[in-house]
Amino acid sequence: MRVVEVVAQDEWNEDAERFGAHPLQWWQWGELKAKTGPWTARRLACLDDAGELVGGAQVLLRKMPFPFKAMAYAPRGPFAAEGRLQDVADAVADWCRANTKAVSLKVDPAVTDFAYSAGWKPSEAILLNKTATIDLAPTEDELMAGIPNKKCRQYIRKAHRAGVVVRPGKREDLDAILALYHQTADADGFALHADEFYRAAFDELEGIQQLFVAEGDEGIEAFLWNVTSPAGTCFELWGAVSDAGKASRANYYMKWVAICAAKEAGAATYDLNGLLNGGISNFKLLFVEGPTLWAQTHDKPLSPLYGLMDWALAAHRRHNVEGAAQEDTSRQ
């Protein structure tokens, strides 16, 4: 198999759309990561012996401290024709070994059943493989009827009847959106990027983003920021809801509008992006029959330094967890 680097946005996105690639494999996501952090994006098309395109991967390269130099990651990739995903993953790994300084390549394709070839190793996930998904093939009426939780369906209709308005988010909404996001993060104890990251995202994700705000009596009561690839997936990136939005059920109606918008945009699947434990995951599960498990994340070692890097990263994660536990204890 021959691997060719693609350097034109239109060409790359045409290839990605042809195979229904995940939106994190589209050019815009790579540009956002490259312009806001220590990443470089490389787009790799894989051709068979007849010169036919059979798949590819957008690979993000991240600088690492000495002596590791770099690591590579294909978020929700690679993508491939039916039956060729293993070949494409191996070809992309071989290209990274020959053309980059990466110690390893991490992949986490959005497929439920995938057998990695020899040499790949299960690894810690960046994106959770346990998620909730909706098949967007049915009609809107069938999608509504397919929501298994009766209360969820009632809350969608209730918010609509009560006058909650869901509309596309605009640049001038970003201050209110980020203020709401900070309030939610502070209350629930999770970290955010700097505000500049989200402002950059609004520009860089043009063409694949679907940003929604839900307005009620107190202004913007909720937002949902998705990326959507035609013939592929609608993927929830970020979102938040205020106490007023919870009371008005604005988040229920907003998610329903987002599901319908993803279907209209041509997406085949709506991915609610990750299930852990607690309120937000319970909320997501109201919309589906049960969880979806994507293939487990794997690494392909590309250097003898892989074992040492894996150990160092694990030690760093343990240190962070222990530090957070001590900080929590000190605040009790």
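Trainee: Which residues of helix 3 are buried?
Mentor: In this predicted model, the buried residues of helix 3 are Leu85, Val88, Ala89, Asp90, Ala91, Val92, Ala93, Trp95 and Cys96.

Trainee: And how far apart are the end C-alpha atoms of helix 3?
Mentor: They are 21 Å apart. Helix 3 covers residues 85-99, which makes 15 residues, and at 1.5 Å a residue these should span 21 Å, so the two values agree.

Trainee: Staying there, which residue forms a salt bridge with Arg97?
Mentor: That's Asp94, with the closest N and O atoms 3.2 Å apart. Both Arg97 and Asp94 sit in helix 3, three residues apart, or about one turn of the helix.

Trainee: Why would residues three places apart point the same way?
Mentor: An α-helix has 3.6 residues a turn, so residues three or four places apart point the same way. Side chains of opposite charge can then pair when their charged atoms come close.

Trainee: Is Arg97 buried or partly exposed?
Mentor: Arg97 is partly exposed, as its relative accessible area is 39%. Asp94 counts as partly exposed too, at 43% relative accessibility.

Trainee: What does Asp87 pair with?
Mentor: Asp87 forms a salt bridge with Arg84, and their closest N and O atoms are 3.0 Å apart. Asp87 is partly exposed, with a relative accessible area of 33%, and Arg84 counts as partly exposed at 25% relative accessibility.

Trainee: Zooming out, how many salt bridges does the structure hold?
Mentor: It holds 14 salt bridges. One of the pairs is Arg42 with Glu5, whose side chains meet at 2.6 Å, N to O.

Trainee: Where do Arg42 and Glu5 lie?
Mentor: Arg42 is in strand 2 (residues 39-47) and Glu5 is in strand 1 (residues 2-6), so this pair ties together parts that are 37 residues apart in sequence.

Trainee: How about their accessibility? Is Arg42 exposed or partly exposed?
Mentor: Arg42 is partly exposed, with a relative accessible area of 22%. Glu5 is partly exposed as well, and its relative accessible area is 32%.

Trainee: Which residues are linked in a network of salt bridges?
Mentor: Arg167, Asp173 and Glu215 are linked that way.

Trainee: Is Glu14 buried or exposed?
Mentor: Glu14 counts as exposed, because its relative accessibility is 55% and the cut-off for exposed is over 50%.

Trainee: And which residues gather in a patch of positive charge?
Mentor: On the surface, Lys150, Lys151, Arg157, Lys158 and Arg161 gather in one. Lys150 belongs to helix 5 (residues 150-161), and Lys150 counts as exposed at 56% relative accessibility.

Trainee: New topic: how far apart in space are Arg199 and Arg171?
Mentor: They are 8.3 Å apart, C-alpha to C-alpha, while in sequence they are 28 residues apart. Arg199 lies in helix 7 (residues 195-204) and counts as partly exposed, at 33% relative accessibility.

Trainee: Now the backbone. Which peptide bond is cis?
Mentor: The one from Gly77 to Pro78 is cis, with omega near 0°. Pro78 lies in the loop between strand 4 (70-74) and strand 5 (79-80).

Trainee: What is the phi of Ala231, then?
Mentor: Ala231 has a positive phi of about 70°, although it is not a glycine. Ala231 is placed in the loop between strand 12 (219-228) and strand 13 (233-241). At 45% relative accessibility, Ala231 counts as partly exposed.

Trainee: And what is phi near for Asn273?
Mentor: Phi of Asn273 is near 65°, again a positive value in a residue other than glycine. Asn273 lies in the loop between strand 14 (269-271) and helix 10 (279-285).

Trainee: Is Asn273 buried or partly exposed?
Mentor: Asn273 counts as partly exposed, at 22% relative accessibility; buried would need under 20%.

Note on methods. Residues numbered from 1 in each chain as written. Predicted model: local features only at pLDDT ≥ 70, side-chain atom pairs only at ≥ 80, totals over all residues. Heavy atoms only, no water. Helix = DSSP H or I, 4+ residues; strand = E, 2+ residues; numbered from the N terminus. Expected span 1.5 Å × (residues − 1). Buried < 20%, exposed > 50% of the residue type's maximum accessible area, 1.4 Å probe, protein only. Patch = residues over 30% accessible without salt bridge, like charges linked within 9 Å, V, L, I, M, F, W, Y side chains within 5 Å. Areas by Shrake-Rupley, 256 points an atom, 1.4 Å probe, with all protein chains shown as cover. Salt bridge = Lys/Arg side-chain N within 4 Å of Asp/Glu carboxyl O. Lys, Arg positive; Asp, Glu negative; His and termini not counted. Charge placed at Lys NZ, Arg CZ, Asp CG, Glu CD.
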